[in-house]
Amino acid sequence: MSRHIQTSLLDPTPRAPDGFRSLAIATQRGSTTLFASARDVRDDWCPERVPYAYGLHGTPTTLELAERIALLENANHCFITPGGQAALALVYFAFCASGDHVLVPESAYGPNKDLAHDLLARLGISVQTYDPMLGADIAALIRPNTRLIWCESPGSATMEVQDVPAIAAVAHEHGVVLALDNTYGSGVFFDAFAHGVDVSIQALTKYVGGHSDLLLGSVSTRSAAHYEALGQARSLLGMAVSPDDCSLALRGLQTLWVRLEHLQKSTLHIAQWLKTRPEVERVLHPALPDCPGHELWKRDFTGSSSVFSVVFATQMAGDLLLDFIDRLALFKIGFSWGGVTSLVAPHFNIDRDVRPYGDRLVRFNIGLEHVDDLIADLEQAFNANKKTKGEAQ
Ligand SMILES: *Cc1c(COP(=O)(O)O)cnc(C)c1O
């Protein structure tokens, strides 16, 4: 039977890729993914049971990214989520129910705590923050209904390095799931599962994406039971990801190692230079002794990355510091990090009961610019500060 042109144009039979080989990973889109016959129809999120049931559960591109993140983190399973924050949310929804108790370090990524105290509180899940420098002493905070403990090491903005193995031992003794936000080390500088973690999440937005142009997250685990719980929750929450974004993340993965190696060197160089400045009181970089948990970093990490914070001297506090930031030209002002561009953002009066730094805390992310140019930029911003002060007197 001859068809109309409209029908022929819509025929969903693409040119078969047989015989075509390329180094690029194909971007395979699809909401509907076809079954071979009526008897094959099954709605199941698990690609080991039904390879392609629906685009939400995965296309070859999104599953390829999941597989490579699992390889990177030394996990057995990985889910890709729409962002790092979605990855955090997925862990709560997979493991917690009304009446459960969760422990989150005070140094956790802000929106993780906001999610916990707002949405999860409304669902009857009680979340308690703890001092990230607690190691085995976290045992005193465990209750009969404690279900999940979060670690984030180093923590956001205040950079505390946690004793993850000690906390893991306590968690396992009490049958509690230990989840880690592993974004800082990106699976390269910290081996989560070797240190006792059950579930490791990453904001792929940061180093895996690596170019400030996508939002994605990952949740990895070694446990088959956790895999089932996470897969079920991800499917019910409809956490779909774009194959186009996943293909960008796959490209980012190819240069992850060289970028991190370079960023590690530049960042240490600049952090050490800042430490010599009279305007600076402390540099919170895990590889430098000022950072709480520095000894733990030496014990457990194989490297350091591009994000760190500076506690400025009292005479630089508040407005002077904001003016200093505004004078920087190469350092751009904005959230997130891990791309090729150097960034800076004030973190004034953030929610910290232990080790508060008031209006003197600034976070830096070092990019791939030449270090000499970055230091020259910081220097001109410091010098102009002196000049303004001089004129005012
Ligand atoms: C950025 C970040 C997230 C959230 O990632 P998004 O992809 O922006 O949602 C979570 N945890 C940490 C430690 C982060 O730095």
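Analyst: A cavity here is a set of points, on a 1 Å grid over the protein atoms alone, where a 1.4 Å probe fits but cannot get out, and its lining residues are those with an atom within 4 Å of a point. The model is predicted, so local features need pLDDT of at least 70 and side-chain atom pairs count only at pLDDT 80 or more, while totals for chains, interfaces and linings use all residues. Residues are numbered from 1 along each chain as its sequence is written, and side-chain values use heavy atoms, with hydrogens and water left out.

The second largest cavity is lined by Asp44, Trp45, Cys46, Pro47, Val50, Pro51, Tyr52, Ala53, Tyr54, His57, Gly58 and Leu63. Its volume, the space filled by probe spheres set on grid points that are joined across faces, edges and corners, is about 30 Å³. By class, this lining has 9 nonpolar, 2 polar and 1 charged residues, where Ala, Val, Leu, Ile, Met, Phe, Trp, Tyr, Cys and Pro count as nonpolar, Asp, Glu, Lys and Arg as charged, and the others, Gly among them, as polar.

Gly334, Ser336, Trp337, Leu343, Val344, Ala345, Arg363, Phe364 and Asn365 line the largest cavity. Strand 11 (343-346) and strand 12 (361-365) are the elements that give two or more residues to that lining, strands being DSSP runs of E with at least two residues, numbered from the N terminus. The lining of the largest cavity has 5 nonpolar, 3 polar and 1 charged residues.

As for the domains, the assignment, which is automatic or from a database, gives domain 1 (28-250) and domain 2 (256-392). Their centres, taken over C-alpha atoms, are separated by 29 Å, and the contact (heavy atoms within 4.5 Å) takes 33 residues from domain 1 and 39 residues from domain 2. The area buried between them, meaning the accessible area (1.4 Å probe) that two parts lose on being put together, summed over both, is about 3200 Å², of which carbon and sulfur atoms give 60%. In domain 1, Tyr184, Phe189 and Tyr207 lose the most area to domain 2, together 25% of what that side buries. Between the two domains the count is 4 salt bridges, a salt bridge being a side-chain nitrogen of Lys or Arg within 4 Å of a carboxyl oxygen of Asp or Glu.

Notes:
1 Å grid on protein atoms, 1.4 Å probe; cavity = no way out; pocket = protein on both sides within 12 Å on 5 of 7 lines; lining within 4 Å. Helix = DSSP H or I, 4+ residues; strand = E, 2+ residues; numbered from the N terminus.
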